Amino acid sequence: MSLDTVKHAAETPDTAQPWAELGLKQDEYERIRAILGRRPTGAELAMYSVMWSEHCSYKSSKVHLRQFGEKAPENDALLVGIGENAGVVDVGQGYAVTFKVESHNHPSYIEPYQGAATGVGGIVRDILAMGARPVAVMDPLRFGAADHPDTKRVLPGVVAGIGGYGNCLGLPNIGGEVVFDSCYQGNPLVNALCVGVMKHEDIHLAKASGAGNKVILYGARTGGDGIGGVSVLASETFDSTGPAKRPAVQVGDPFQEKLLIECTLELFREHLVEGIQDLGGAGLSCATSELASAGSGGMRVELDRVPLRDATLSPEEILMSESQERMCAIVEPGKVARFLEICEKWDVIATVIGEVTDGERLEIFWHGEQIVDVPPRTVAHEGPVYERPYARPDWQDALQADDAAKLPRPQTPEELRAQVLKVIASPNQASKSWVTDQYDRFVQGNTVLAQPEDSGMVRIDEETDLGVAVATDGNGRYAKLDPYAGAQLALAESYRNVAATGARPLAISNCLNFGSPEDPAVMWQFAEATRGLADGCLELGTPVTGGNVSLYNQTGDTAIHPTPVVAVLGVIDDVNRRTPMAFREEGQLLYLLGDTREELGGSAWSQVVHDHLGGLPPKVDLARERLLAEILISASRDGMIDAAHDLSDGGLIQAVTESCLRGGKGARLVLPDGTDPFVQLFSESAGRAVVSVPRSEELRFTDMCEARGLPAVRIGVVDGDSVDVQGQFSLPLEELREAHEATIPALLA
Amino acid sequence: MTARVGVITFPGTLDDRDTQRAVRIAGLEPVPLWHRDKDLKQVDAVVLPGGFSYGDYLRAGAISRFSPVMESVIDQAKAGMPVLGICNGFQVLTETHLLPGAMLRNNHLHFICRDQKLRVENAQTAWTADYEAGQEISVPLKNIDGRYVADERTLDELEAEGRVAFRYLDGNPNGSLRDIAGITNAAGNVVGLMPHPEHAVEPLIGTGRTDGLGFFTSLLKKLVNA
């Protein structure tokens, strides 16, 4: 086929083009023609199609995401906000921390190992591109029913992919989630988070400035893998009758990425980089157009200089390829030689492929002939924006009216005991160590806390013991019942988890996993969830630093539960002050903080015992969450508590069981007089935590709670080798451990 | 005056900075060594840290053994310099034949990361003199190719000569023959093991134990106080 040059395109306006096959709508194609004043060349069409995909352009979500900026709380800690590769937060002592969570859902269903592996690779490069050394990862995961045969295909592959890639990069995996629900059967959620650390002066941005500066592509060669990944996979619904989509999944090489990390950090150290962008979704199309769009001038690229793995690739394919482990840097001409020398030291291929111009166009050439001539902003930042119609689904009222309070409850202590065991052993409430033991949590030697602790914590300065903590949470069941409240509950839980370990929550990132935006019911869920999250962040004073939207998560017409996953980053001045979750000291007093109401809608109990989802999720009280966090942080700083664990799904009995098993110590619980033991044990009221208080600190601790107006009820003592609920039942630790730890291996090993 | 301990970085090495920290905490001076340099910079001992050198794509440690730095390490090891190989470093040492045997994929085929109990079987090597023979310690284990194998005669020889340095306790994590976690050469200067002592040197970090510090304090005593 002859080359479709700009000149040729101008001369042949009527040539039919495969815009529909590339995922563009007719009006979008017309708009490209209007922008260019002619039909696009094949290469231009390829670029627009990937950059205007839902995944890259956020065209359906943009109008709602604006709230994260508009409602952003006043916060001096935010150094770089939404729009860059990742947000950056000031954590003090001259350090800045960048973190972000992203989705790799669709590729992971098609090819679990590579899909999950390249998800880790992509988010790590995003963090690296900000100028930071990646210091930790975590993975919030959602799968179909635990006992479904396909889960046995998808989950082990995803876990092996995350481990295989992350372990090989030397990044400790310190947290995350594993959730099972049949709504994710044909559409698992594989979200990946990375945290990076740098000094303030090391922050780098993705922009191409300074005419004459060189554009250097470095890292892996470009191959034919992942072509159209964002437009084909991430932006459309799976159709079981379609052709296999494996070629659109990228293949990862963690060894190459490890070299890329060390090489890039050395380039930063020598101040050789003016602007930088990683190549992820949409590959070179994205990197060149975003760099040029954010910069002051234009850019000229000689595409034939790109090192290839497969010499037969066409220019369109090179522009769309999502081959992994590649970065694009803008470098002053005088620094190019040293840049290439450092790449050579790390055995990383580096090629000057173009330069920044003083024009306003992104121009791409193939063996001297021009194949792209576009205003870069129209590709990267001024894509289509849709005001998708949305409407509260007609089934929402019926769902909320189907109250979990009417479900039959255990009538005797024996029944209560049996249901506790059943919930503790259920796949969602069971220990996930079969998964997390496949991840390296020790590498880098700075891990203070890792799963199953409430948040992962790493030390970032060995002299001062400054540290950061991160937690991710999301509850699709709550969000299905009420997307606004569900998003706030995800935020509240993540915030609470960070505070429970003694760290002060600073900022959030999110991954918003939803069904098709073309379904008004899904769009309503999305609108409600983003509104809830933006309002919640304003109230808690934690700005959104960035994140990711993943739409079209559905099978046929059936969408997944709306699943906003929220990651909260916190800082702790001295990691020696961290609060672990384990009850370790016999005789310490257990206090339940917060109010327990009869709230069973969306609860683990309603799911495990009755396979029920209905009613309303727990009430949100963010002022209370804030107070609880302040108490937990003060108590940690002043040494008043030895252990803390947040209460969430599974309620009080789940939290106490986990803390007992973690510390190898039992507990004797005396529930408050006049309360219903079933409600006390299983209610999922938000804004609560259980803490273990040394007797010597009891008065000081309760005085503080009383002075600040936080309900604190003494509910028992760390004691013995069973969990004993007085007047109800006793469960030996060994029986609990067996129930809690045997489930996942039995299903998956 | 303290001793200088070289820590080698191959492409794909992961625990080099951690190992340097452990060396420093023990009171020794860490010296980074680069795989392309034959020059060992007058170090008194060398550690080959864990990781996935060259991606472990051919076979763990198989390519690193041919790097320029290893030529010097082999020479010096034969002359008696203390050399410790941890995880991937142990794999490199078996590939160079400084230590016998080889590592295969774990018998359960998964990467495993956990706190692992070990028994120190030989407390007379350059890296274990600070322990008691028979002492039980816990250090992190994290690998996918950790199953130690050798032929029966080699295994019998190792046992007879007291060259099994560490044995797994409370459950063999990967199918290693005779529960072997680490071994030493006959002279006791070259030691390799799969678990990671450098990740157990600070009370707050990792497992919260400091059971691994003895590797480095053993070396300090040998080199400085000898």
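# Close-up views of a predicted model

**View 1. A pair of facing residues in neighbouring strands.** In E5 of chain A, Gly176(A) is the bridge partner of Asp139(A). Everything shown here comes from a predicted model, so please read each view with that in mind. Strand E4 (residues 133-143) of chain A and E5(A) pair in the parallel sense, over 6 bridges. If strand pairing is new to you, here is the background: strands of a sheet pair through backbone hydrogen bonds, either parallel or antiparallel.

View 2. In chain A, 6 strands line up in the order E1-E2-E3-E6-E4-E5 to form an open sheet with mixed pairing. Which strands stand at the edges? They are strand E1 (78-80) and strand E5 (173-180) of chain A; each has a single partner strand, so one side of each is left without a neighbour in the sheet. On average, neighbouring strands of this sheet are turned by 25° against each other, direction ignored. Helix H7 (residues 112-129) of chain A packs on the sheet and touches E3, E4 and strand E6 (189-199) of chain A. The direction of H7(A) makes about 25° with that of E6(A). Another helix to look for is H8 (residues 149-169) of chain A, which lies across E4, E5 and E6 of chain A. H8(A) runs at about 180° to E4(A).

View 3. An unreviewed UniProt entry lists Glu102(A) and Asn548(A) under "binding site". Although they span 447 residues in sequence, no two of their C-alpha atoms are more than 5.3 Å apart, so they gather at one spot. Find Glu102(A) in strand E3 (residues 95-103) of chain A, and Asn548(A) in strand E18 (residues 544-550) of chain A. Is Glu102(A) buried or exposed? Glu102(A) is buried, with 25 other C-beta atoms within 10 Å. Asn548(A) counts as buried too, with 22 C-beta neighbours inside 10 Å. Leaving aside neighbours within four places in sequence, the contacts of Glu102(A) include Gly119(A), Gly122(A), Cys511(A) and Asn548(A). With residues up to four places away in sequence again not counted, Asn548(A) touches Val101(A), Glu102(A), Ser103(A) and Cys511(A).

**View 4. A second sheet in chain A.** This open sheet has 7 strands in the order E8-E10-E7-E11-E9-E12-E13 (chain A), and its pairing is mixed. E8 and strand E13 (369-374) of chain A stand at the edges with a single partner strand each, so one side of each is left without a neighbour in the sheet. Here neighbouring strands are turned by 20° against each other on average, direction ignored. Inside the sheet, strand E9 (residues 298-302) and strand E11 (residues 350-357) of chain A run antiparallel and are joined by 4 bridges. Look for Val301(A), which stands opposite Gly354(A) in E11(A). Helix H3 (residues 42-51) of chain A lies across strand E12 (362-366) and E13 of chain A, running at about 35° to E13(A).

View 5. Helix H23 (residues 651-663) and helix H26 (residues 733-748) of chain A pack at an angle of about 105°, with their axes 10 Å apart. That makes H23(A) roughly perpendicular to H26(A). Which residues meet between these helices? Thr657(A), Cys660(A) and Leu661(A) in H23(A) meet Leu733(A), Leu736(A), Arg737(A) and His740(A) in H26(A).

View 6. First, the peptide bond from Gln451(A) to Pro452(A) is cis, with omega near 5°. Pro452(A) lies in the loop between strand E14 (447-449) and strand E15 (456-459) of chain A. Next, Ala282(A) has phi near 70°, a positive value in a residue other than glycine. Ala282(A) sits in the loop between strand E8 (275-278) and helix H11 (283-294) of chain A, and is buried, with 31 other C-beta atoms within 10 Å. In chain B, His97(B) has a positive phi of about 70° although it is not a glycine. The loop holding His97(B) runs between helix H3 (88-95) and strand E5 (102-104) of chain B. His97(B) is exposed, with 10 other C-beta atoms within 10 Å.

Key. Residues numbered from 1 in each chain as written. Chains lettered and ligands numbered in written order. Predicted model: local features only at pLDDT ≥ 70, side-chain atom pairs only at ≥ 80, totals over all residues. UniProt positions renumbered as here; feature names shortened; annotations may be inferred. Helix = DSSP H or I, 4+ residues; strand = E, 2+ residues; numbered from the N terminus. Buried ≥ 20, exposed ≤ 12 C-beta atoms within 10 Å, placed from the backbone. Contact = placed C-beta atoms within 7 Å. Pairing = 2+ DSSP bridges. Axes fitted to C-alpha atoms, helices over the stretch in contact; angles between N-to-C directions. Parallel < 35°, antiparallel > 145°, perpendicular 65-115°, else oblique.
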